[in-house]
Amino acid sequence: MFSFITDRGWKAVWTAVTLASFAVMFALNFLFGSPGGLVWWSMIKIFILALQFGGITAYLFRKNLKKALVSFWITVLCLGLLSLIAPVLAPFAKVVMNTEDTSFEMATPLFLLFTGVTASWLIPGPKGRMAVRILWAVFVLLYCLIQFTYIGYFGLTHALISVNMMLALAQTNLHEALEYISVNIPLLNLVLAVAALFALSYVIFRVSGYFFVGPRDVSGRTKKGVVLILIFEVAALIFCFSQTRIAQTVAQTQDTVKSFIEYQHMVEERRHNVINNKHLSNKLKHAPDGVYVLIIGESETRDHMGVYGYPRDNTPFETEAAENKDYTFFTHAYSSYTQTVQSLTYALTQKNQYNKIPLVDAYSIIDMARAAGFRTTWISNQSRFGIWDTPIGAIGSACDDQHWMNDYIGTGVQTKDYDSILVPQLQKVDPNNRRQLIVIHLMGSHVSYWDRYPHDGFYKYPLDQSKTRSKDQIMIDEYDNSVLYTDHVLSEIMNVAINHLHADEVMYFSDHGELVTQNPGHNADQFEFQMVHIPFWIYTSPEYQKKHPAEFAAMKRRKNWLFTNDMAYDTLMGSMGLTSVKYDPTCDFFSRKYDKDITNMMTMYGNIWLRKDVKALGTNYKNQ
């Protein structure tokens, strides 16, 4: 039977395999792809692949290369199954992939396969074909790595690789990545995954040796035809890969990072500029004097703070402060995003979820304070990695005085010193200058939590250290200890701010919250409201209260109102009296014109309504 096919029936084999392959791929595309997309183009693409399946199968039949035939289809099966990972996981991750998306995912590794096979026809001799196989195997390894990453990321987050994940990666360095892996991925699982990746790639490489074959002597006319086919295969491979989810995600991430870089350049260009309109500039400079301190926390969720009703007493200073009339604690504050750069880019600039100002055109609170003649100071325990490459670093670098206390430049979020190292820097600020804005950026509760506090005096939880704890409970205990230490640092900062600087106002909020579980973090792809539940409180001096009775009354009246920290810029501008330019009173939390409530407030850059946080707000929440 085999000899009959090889001698006379190879055309029938070609036809049969082409039709069967097309039918299978069409069915898979229909099964895993949601309706929509350019279906006709998807079908053409699938048919071209099926035609090549048939052609190679018929050739191997005709040449009686049984091992090559079996090896070829083993490779097709392996690559085909890998190509279905994203489409299969998409519904579980609540991601819509239409038939066109699915066809691009399926086509990419198959065009990679045909590119390698076609190239082997053009390279004479065993050594040349071995070189082709090795190069091809490298690309296969990279493709397998992408697909394994899909599986691993889904296992951790129940989400597909996304722009959120890529942006987090862009803000991460080696040390932080290793911390994340150590916390979230068991070493055995990681070793097994790496072993499986290389084992699969090796198997594909070995079996490819049987079908990376071609005629020993290829005529010039045939070689020209093969060159044209190879060019088509490479072009199809590049095009199909560029349309896959991973490629599109990388492209969107690059666009976002580009906008961040453009903003950084804009900050650089106007660092020494003033508002062009002299009349408005003079108005800014006529704003009253005052010493203002902005403290930015890190990864602190109010859901794990005693002052906000958490059952553990891990905020003794803030709990006591909440009873002091000079402090106002706000109960329903949210961050605008779950990651630092996105959140603080909005919090410190004109840009917010409620306006359409391009980020590159948005002035920062530092720009405005300097234009108004305020001395600006930035004190930070965050890593100096990327000071000149991120918007937050660019904003901080625009200050008159800068104190970057983290010595690990470019290496990660590890800290030689805890946040208390910032207090002596604050003590150096001249209290006689009554026109100042000071920004303090804490390391706070950034993972790994156990690295954020000194264990002497702050290893309070668990209370009973003899009991065996689950990994969930260990994470909770460590996080709560870091919150306890942050509370202590805040008490030290407030002591200096009140008794040394005689500050008029101190504002504290966290960049975002944290989901504290066995696998902790604030990954936007795993969004839960706890990731955007943040503490927000303000201290005002008795003198400030007398000078601004309406604003102080609004603070007390609105302590249970909704607030998102992207409105911190306008709120602080209002408190400082910088209301003549680049200021929106509808986003100033204490302005009479403030117009935000449950009907129009959002988080996650305007993608999630706060009213969906039923657990925290109930179903009948109103500003009151």
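**A close look at the salt bridges**

Guide: Let's start with Lys596, which forms a salt bridge with Asp595, their closest N and O atoms being 2.6 Å apart. Keep in mind that this is a predicted model. Elsewhere, salt bridges that share partners link Arg312, Arg469, Asp477 and Asp480 into one network.

Let's zoom in on one pair from that group. Asp477 and Arg312 form a salt bridge, with 2.7 Å between the closest N and O atoms. Asp477 belongs to helix α20 (residues 471-499), and Arg312 to the loop between β1 and α14 (316-321), so this pair ties together parts that are 165 residues apart in sequence. Both Asp477 and Arg312 are buried.

Now hop over to Lys325 and Asp326, whose side chains also meet in a salt bridge, at 3.4 Å from N to O. Here Lys325 is exposed, because its relative accessibility of 53% is over the 50% cut-off. Asp326 is buried, with a relative accessible area of 13%. In total, the count comes to nine salt bridges.

Eight of the eight residues of strand β1 (residues 290-297) are buried, so the strand is largely enclosed by the rest of the structure. β1 pairs in the parallel sense with strand β6 (residues 435-441) over seven bridges, and six bridges join β1 to strand β7 (residues 505-510), also in parallel.

Methods: Residues are numbered from 1 along each chain as its sequence is written. This is a predicted model: local features need pLDDT of at least 70, side-chain atom pairs count only at pLDDT 80 or more; totals for chains, interfaces and linings use all residues. Side-chain values use heavy atoms; hydrogens and water are left out. Buried means under 20% relative accessible area, exposed over 50%, partly exposed in between (1.4 Å probe, protein chains only). Helices (H or I, at least four residues) and strands (E, at least two) are DSSP runs, numbered from the N terminus. Two strands pair if DSSP finds at least two bridges between them. A salt bridge is a side-chain nitrogen of Lys or Arg within 4 Å of a carboxyl oxygen of Asp or Glu.
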